[in-house]
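Open your viewer and load the model. Keep the sequence panel in view as you go.

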Amino acid sequence: MKAYCTQNQGDCETCSLVNYGRDCQNNPVGKGGPGRGQGRKSTGRKKHNYYVTPEEDIKIRELIEQLRK
């Protein structure tokens, strides 16, 4: 138990004052940020914006669908 702790029998992990990985005195709590291998895996895709007609859009979507099969 930390000397300054007054709530939850010193269990900072479950204390209601803990926010963003810090305790009530702004000291780091827990293991810290995300570890290796955490989060969504990359698909390798990037967003691109093109100005096309509705007919071109239909053809592009069909082509993309064929490429992904």
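This tour goes from the whole chain to single residues.

**Before you select anything**

This is a predicted model: local features need pLDDT of at least 70, side-chain atom pairs count only at pLDDT 80 or more, and totals for chains, interfaces and linings use all residues. Residues are numbered from 1 along each chain as its sequence is written, and side-chain values use heavy atoms, with hydrogens and water left out.

**Stop 1: the whole protein**

Show the cartoon. The protein has 1 helix and 0 strands. Helices (H or I, at least four residues) and strands (E, at least two) are DSSP runs, numbered from the N terminus. Accessible areas come from the Shrake-Rupley method with a 1.4 Å probe; for residues, only the protein chains shown count as cover. Of the 69 residues, 7% are buried. Buried means under 20% relative accessible area, exposed means over 50%, and partly exposed lies in between (1.4 Å probe, protein chains only).

**Stop 2: helix H1**

Select residues 54-67, which are helix H1. H1 has 14 residues and reaches 20 Å from its first C-alpha to its last. That is close to the 20 Å expected at 1.5 Å a residue. The expected span is 1.5 Å times one less than the number of residues. How many of the 14 residues of H1 are buried? The number is 0, so H1 lies largely in the open.

**Stop 3: the salt bridges**

Show side chains. The structure holds 2 salt bridges. A salt bridge here is a side-chain nitrogen of Lys or Arg within 4 Å of a carboxyl oxygen of Asp or Glu. Side chains of opposite charge can pair when their charged atoms come close.

Select Arg61 and Asp57. They form a salt bridge, with the closest N and O atoms 3.0 Å apart. Because Arg61 and Asp57 are 4 residues apart in H1, about one helical turn separates them. Arg61 is exposed at 56% relative accessibility. Asp57 is partly exposed at 27%.

Next, pick Lys69 and Glu65. Their side chains meet in a salt bridge, 4.0 Å from N to O. Lys69 is exposed, with a relative accessible area of 77%.

**Stop 4: a nonpolar patch**

Select Tyr50, Val52, Ile60 and Ile64. Together they make a nonpolar surface patch of about 380 Å². Patches are made of residues with over 30% relative accessible area and no salt bridge: like charges are joined within 9 Å, and nonpolar side chains (Val, Leu, Ile, Met, Phe, Trp, Tyr) within 5 Å. Tyr50 sits in the segment before H1 and is exposed at 64%.

**Stop 5**

Is Cys12 buried or exposed? At 11% relative accessibility, Cys12 is buried. Leaving out residues up to four places away in sequence, Cys12 touches Lys2, Val18, Asp23 and Val29. Contact means heavy atoms within 4.5 Å. Cys12 and Lys2 are 10 residues apart in sequence and 9.0 Å apart, C-alpha to C-alpha.

Finish at Asn8, in the segment before H1. Asn8 is partly exposed at 33%. Leaving out residues up to four places away in sequence, Asn8 touches Thr14 and Cys15.
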